[in-house]
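Thanks for asking me to look this one over. My notes follow as numbered points, and I hope they are handy with the model open beside you.

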Amino acid sequence: MNGLEIYIHIPFCVKKCDYCDFLSAPADLETKEKYVKALINEIKLNKNKMSEYVVDTVFIGGGTPSLLEENQISKIMSVLKDNCNMSENPEITIECNPGTITESKLWEYKKSGINRISFGLQSANDEELKSIGRIHNYAGFLESYNLARKCGFDNINVDLMSALPGQTLKSYEETLNKVVRLEPEHISAYSLIVEENTLMYDRVKKAQIKGINILPDEESERKMYYLTNNILRSNGYRKYEISNYSKPGKECKHNIGYWQRKEYLGFGIGAASLYKENRYNNISDINKYIEVLTNNIKENSINNVENSSEVENQVNILNSIVKNLQQLTERDRMEEFMFLGLRMMEGVSMEKFERYFGKPYMEVYGKVQKKMEDKRFLINDNGYVKLTEFGIDLSNYVMSEFLF
């Protein structure tokens, strides 16, 4: 059986961060309970899709999944295991915000099979955390991190952000040094991206009108990126993707699956899927999602279908929560193969490209390859197409060159 990845979206948070444009918002207990019930029904309805595969990674993201009660997370995991072929040693990650976990939650996570935790720290500087609307401080992160270690979690990721309002090269270096002393197995380090329709976007625009730039300039942002490389490399971390670093053998298998175009199913509002060369998203309206997946389903009818009309009804239910369905053409798949694969430091295998598409890489992308090599953005390293350090600085431009 081929491998399959599962993404489970929990859209709840205590307070939306100033920079966040993800599908998340605060909610009351009743809404959370109804959502979990609908989510569980969606998982059950996808049993047939999952039956052809072995699930080897699960990622519970959000939002803040750790806001749910431990019994809700364990119920979701139990239903998932009952409705798929789980591999013997799957990587199962849950995202947690500092201050939202307890010892009892962590023990329940372990009991349900979760073996990897991703903490959203962003900065070890409390003023910088305030500047982006985070609800925790560094002391709260340390408490949560140490609690996870106490409960036996030996695969932890810490998310960091650079180019924050008021952040300096020195303060960012202090954050990096504090985090590496904790020796997490994995570190994701991203630059702040100011998205429209966020509080951060409004603040930046208002400041710009007054002639003030509240964010570090482009040169400082570039220095922060190279500082990340230098400090993490010198502390035993290997950069395996543009923004991700790990100790040997602790790379995030789930994210690697995305970059290598592995098939995955997303459950929950807004969740994306890649299934049999079709990409699609779930609807983002939580009320409609809950209504469709609870009111339109007969109690005890899921996975106990006795007639064709009920099968048709369940297919219609799933179709009604899907939007943006796109059947990928060969051209689409080639483009994705390149711009996703180039994020990885190992690069894109020319041999694998030809094996997938039945065409030599240079026949399809030879002109682009030469152009990018001439500009010193790409190299051909023994049959692997890789970004140079110079190319990484302009990676969006380089990747766009591979779009037909």
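**Notes on the predicted model**

1. Let me start with Leu-68 and its surroundings. Setting aside residues within four places in sequence, Leu-68 makes contact with Ile-10, Phe-12, Lys-32, Val-36, Ile-73, Ile-76 and Lys-105. Please keep in mind throughout that this is a predicted model. Leu-68 sits in the loop between strand 2 and helix 3. Is Leu-68 buried or exposed? With a relative accessible area of 1%, Leu-68 is buried. For a sense of distance across the chain, the C-alpha atoms of Leu-68 and Lys-210 are separated by 42 Å, and the two residues are 142 apart along the chain.

2. The peptide bond joining Gly-62 and Gly-63 is cis, with omega at about 20°.

3. Now for the overall build. The chain contains 17 helices and 15 strands. Its C-alpha atoms fill a box of roughly 65 × 55 × 45 Å along the principal axes. How does the radius of gyration fit a compact globule? For 404 residues such a globule would have a value near 22 Å, and the chain has 22 Å, so the two agree.

4. A few totals round out that picture. Of the 404 residues in the chain, 52% are buried. Taking contacts between residues at least 6 apart in sequence, 71% join residues at least 24 apart. The accessible surface comes to about 19200 Å², and carbon and sulfur atoms account for 48% of that surface. As for charge, there are 52 positive and 58 negative side chains, and the centres of the two sets lie 2 Å apart.

5. Cys-17 counts as buried, at 14% relative accessibility, and Cys-20 counts as buried at 13%.

6. The loop between strand 5 and helix 7 deserves a visit. Gln-167 has its place there, between strand 5 (156-162) and helix 7 (169-182), and is buried with a relative accessible area of 6%. Which residues does Gln-167 touch, not counting those up to four places away in sequence? They are Glu-128, Met-161, Ser-162, Tyr-172, Pro-216 and Met-224. Gln-167 also lies 7.6 Å from Leu-215, C-alpha to C-alpha, though 48 residues separate them in sequence.

7. Ala-163 lies in that loop between strand 5 and helix 7 too. Its phi is near 65°, a positive value in a residue other than glycine. Ala-163 is buried, with a relative accessible area of 5%. If you check backbone angles yourself, please include this residue.

8. Arg-261 is found in the loop between helix 10 (253-259) and strand 9 (264-267). At 13% relative accessibility, this arginine counts as buried.

9. Arg-261 turns up again among the contacts of Leu-274. Leaving aside residues within four places in sequence, Leu-274 is in contact with Arg-261, Lys-262, Glu-263, Tyr-264, Arg-279 and Leu-328. Leu-274 is part of strand 10 (residues 272-275) and counts as buried at 2% relative accessibility. Where does Leu-274 stand relative to Glu-5? The two are 269 residues apart in sequence and 9.5 Å apart in space, C-alpha to C-alpha.

10. My last point concerns Asp-217, in the loop between helix 8 (199-209) and helix 9 (218-234). Asp-217 counts as partly exposed, with 42% relative accessibility. Asp-217 and Lys-150 are 67 residues apart in sequence, and their C-alpha atoms are 40 Å apart in space.

Note on methods. Residues numbered from 1 in each chain as written. Predicted model: local features only at pLDDT ≥ 70, side-chain atom pairs only at ≥ 80, totals over all residues. Heavy atoms only, no water. Helix = DSSP H or I, 4+ residues; strand = E, 2+ residues; numbered from the N terminus. Rg over C-alpha atoms; globule rule 2.2 N^0.38 Å. Buried < 20%, exposed > 50% of the residue type's maximum accessible area, 1.4 Å probe, protein only. Contact = heavy atoms within 4.5 Å. Areas by Shrake-Rupley, 256 points an atom, 1.4 Å probe, with all protein chains shown as cover. Lys, Arg positive; Asp, Glu negative; His and termini not counted. Charge placed at Lys NZ, Arg CZ, Asp CG, Glu CD.
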